[in-house]
Amino acid sequence: EWDRWLLMGLIGTAVGMLAFLIHQIIDSLIKLKWDLVENYLQVSKRKTWSMGADVVIYLSTGQDGNIHMTWLCALGSGLAMVVLSSGSVLFFCPAGSPSGLPEIIGYLNGTSIQHLFNIKTFLGTFVSCVLAVASGLFCGSEGPMIHLGALLGCGLSQLQLDTLGVHLPIFTRFRNSADKRSFITAGAGAGIASVFRAPIGGLLFTLEEVSSFWDIRLAWQTFFCCLMATFTTDLLSSSLCGFVYRGHFGFFEAEKRIIFWVKNLLDMNVLAFVPTILLGMLGGLLGALFVSLNIKINKLRMQFFNSIPKLSLRKTSKLLETVLILVALFFLSMGSKRVHFSVGCILSFSCSSDWGSAAALLVENGKQGITYLFKRGTHEEFGYTSLCTALAFYFILSCWTAGSAVASGLVIPMLYTGALYGRIIGLILVSIFGVQTNEYGAWIDPGLFAAIGAASFFSGVSRLTISLTVIMVS
């Protein structure tokens with residue numbers, strides 16, 4: 001069995017390297033986009049409030065900077081990414097749209113799907129995922145990363161490319177359907193493990209969600225594959241940021257390794273279970289609403305596109321839908337007449353209104369925004385109006401985005417949506433009991449309930465329990 005373990009380790013290492021590459025490219029593209037925007041603005045020097053160690057919101061009532069060119073640059077860069085992202089899955093690899101996870105689950109449970117594991121699907125999914133997330137759409141890289149991990153598991157275990165006519169004479173004993181499924185399962189688990197840096201979560205996710213054919217040997221080998229993927233991603237991320245070497249190779253900082261880093265832990269009180277139960281019920285109801293609404297949107301989407309007889313026109317219409325989603329997102333976020341760029345890729349608005357802070361939440365990168373919402377000790381960071389406004393728009397637009405013609409994941413939108421209404425519940429508690437400074441009342445913190453709300457909505461939509469808990473606390 002040594003060769004099977006070796007192959008599992010190689011698959012995990014390859015998936016970890018791929019996850020690192022995807023994250024670095026996404027971060028670099030986001031930085032490049034806002035660097036272009038910054039060229040048309042003169043940043044105001046009047047600091048209004050802080051949203052983290054390196055992120056400061058600036059507000060101004062002046063007319064400094066070329067506002068119209070700023071809008072054009074921000075919208076144009078996003079549209080270019082969306083068009084390329086959607087075009088890569090529509091015209092290059094249709095099997096890569098939208099996330100690939102349902103197709104992987106279907107394949108592992110006996111359904112044959114054409115072109116699911118070829119090189120074109122890999123390249124198209126990779127390009128579409130990176131550009132979709134960097135463009136600013138309400139989506140994440142988790143679903144496509146599971147698909148890409150499964151593709152690497154299939155390709156490295158079979159060592160043959162039918163598209164290119166390549167058949168290497170090693171690991172030939174694994175060229176059967178049973179072993180192929182095992183390696184695809186391990187690759188899918190390594191994909192989710194590398195995204196959340198949670199090897200046990202990756203193993204439990206494949207057991208709970210992906211595969212129906214399971215044994216104890218496959219469990220240990222999948223866990224080893226997930227460990228290798230997580231270790232590789234952490235090792236490379238320890239010294240590289242935006243492809244720039246920053247030293248300290250192999251030094252695993254907790255703040256960099258944990259995806260949603262929360263510095264201050266809070267002592268709990270039994271009374272905290274009352275709002276927690278409420279958040280659980282709310283997550284189930286909103287999760288059911290999200291799924292129901294998404295099914296209806298996708299049915300309408302299919303009916304509309306199937307009514308178009310010409311294939312090329314049908315694909316062009318799907319591409320235009322993704323463009324429409326981004327334009328709607330852009331104008332909702334840019335709802336103020338004056339916009340200013342600030343440190344850390346935050347866009348803020350020319351008045352200190354609730355709409356301005358809501359728009360800042362909408363325009364922020366998903367992972368960074370979730371980290372802000374989880375942050376402890378920020379009881380009055382956002383008001384009711386800004387949180388409710390951001391929740392309504394984010395819920396609707398993320399539901400519309402899911403199923404559109406880009407390779408995208410739903411995990412980040414689910415966590416973000418749950419964090420928004422969880423923080424609202426926390427803000428209600430603060431309004432009732434006030435800001436508590438003693439250790440017995442410190443649990444009344446909007447950031448704490450944002451994390452609980454994120455888990456509740458994720459569970460309500462995905463129906464995951466055990467693996468979700470492990471992922472959230474890892």
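Tutor: Let's go from the overall fold to ring pairs, salt bridges and one serine.

Student: Fine. What kind of model is this?

Tutor: This is a predicted model.

Student: How many helices and strands does the chain have?

Tutor: There are 17 helices and eight strands.

Student: And what share of the residues count as buried?

Tutor: Of the 474 residues, 53% count as buried.

Student: What about contacts across the sequence? How many join residues at least 24 apart?

Tutor: Take contacts between residues at least 6 apart in sequence. Of these, 77% join residues at least 24 apart.

Student: Let's switch to rings. How many aromatic pairs does a search of the whole structure find?

Tutor: The search finds eleven aromatic pairs. One of them is Phe290 with Phe457. Their centres are 5.7 Å apart, with 85° between the planes. That pair is edge-to-face.

Student: Where do Phe290 and Phe457 lie?

Tutor: Phe290 is in helix α10, residues 273-306, and Phe457 is in helix α16, residues 446-462.

Student: Why is the pair Phe304 and Phe305 edge-to-face?

Tutor: The ring planes of Phe304 and Phe305 are at 65°, so the pair is edge-to-face. An angle over 60 degrees is the cut-off for that label. The ring centres of Phe304 and Phe305 are 5.4 Å apart. Phe305 is buried, at 6% relative accessibility.

Student: Back to Phe290. Which residues do ring pairs link into a cluster with Phe290?

Tutor: The cluster takes in Phe395, Tyr421 and Phe457 along with Phe290.

Student: What lies over the face of Phe92?

Tutor: Lys120 does. The distance from Lys120 to the ring centre of Phe92 is 5.3 Å.

Student: Now the surface. Which residues form a nonpolar patch there?

Tutor: Val270, Leu271, Phe273, Ile277 and Met281 form one. Together these residues have about 560 Å² of accessible area. Met281 belongs to helix α10.

Student: Why does Met281 count as exposed?

Tutor: Met281 has a relative accessible area of 54%. Exposed means over 50%, so Met281 passes the cut-off.

Student: Next topic: salt bridges. How many does the structure hold?

Tutor: It holds five. One of them joins Arg4 and Glu1, with N to O at 3.0 Å. Arg4 is buried, at 4% relative accessible area. Glu1 is partly exposed, at 42%.

Student: Which parts does the bridge from Arg301 to Glu321 tie together?

Tutor: Arg301 lies in helix α10 and Glu321 in helix α11, so the bridge ties together parts 20 residues apart in sequence. The closest N and O atoms are 2.8 Å apart. Arg301 and Glu321 are buried.

Student: Which residues do bridges with shared partners join into one network?

Tutor: Glu1, Arg4, Asp179 and Arg217.

Student: Last one. Where is Ser157?

Tutor: Ser157 is in helix α5, residues 142-158. At 0% relative accessibility, Ser157 counts as buried.

Student: What is Ser157 in contact with, leaving aside neighbours within four places in sequence?

Tutor: Ser157 is in contact with Leu7, Phe171, Phe174 and Phe183.

Student: And what separates the C-alpha atoms of Ser157 and Arg173?

Tutor: A distance of 9.6 Å. Ser157 and Arg173 are 16 residues apart along the chain.

Conventions
Residues numbered from 1 in each chain as written. Predicted model: local features only at pLDDT ≥ 70, side-chain atom pairs only at ≥ 80, totals over all residues. Heavy atoms only, no water. Phe/Tyr/Trp six-rings, centres within 6.5 Å; stacked < 30°, edge-to-face > 60°. Helix = DSSP H or I, 4+ residues; strand = E, 2+ residues; numbered from the N terminus. Buried < 20%, exposed > 50% of the residue type's maximum accessible area, 1.4 Å probe, protein only. Lys NZ or Arg CZ within 6 Å of the ring centre and 35° of its normal. Patch = residues over 30% accessible without salt bridge, like charges linked within 9 Å, V, L, I, M, F, W, Y side chains within 5 Å. Areas by Shrake-Rupley, 256 points an atom, 1.4 Å probe, with all protein chains shown as cover. Salt bridge = Lys/Arg side-chain N within 4 Å of Asp/Glu carboxyl O. Contact = heavy atoms within 4.5 Å.
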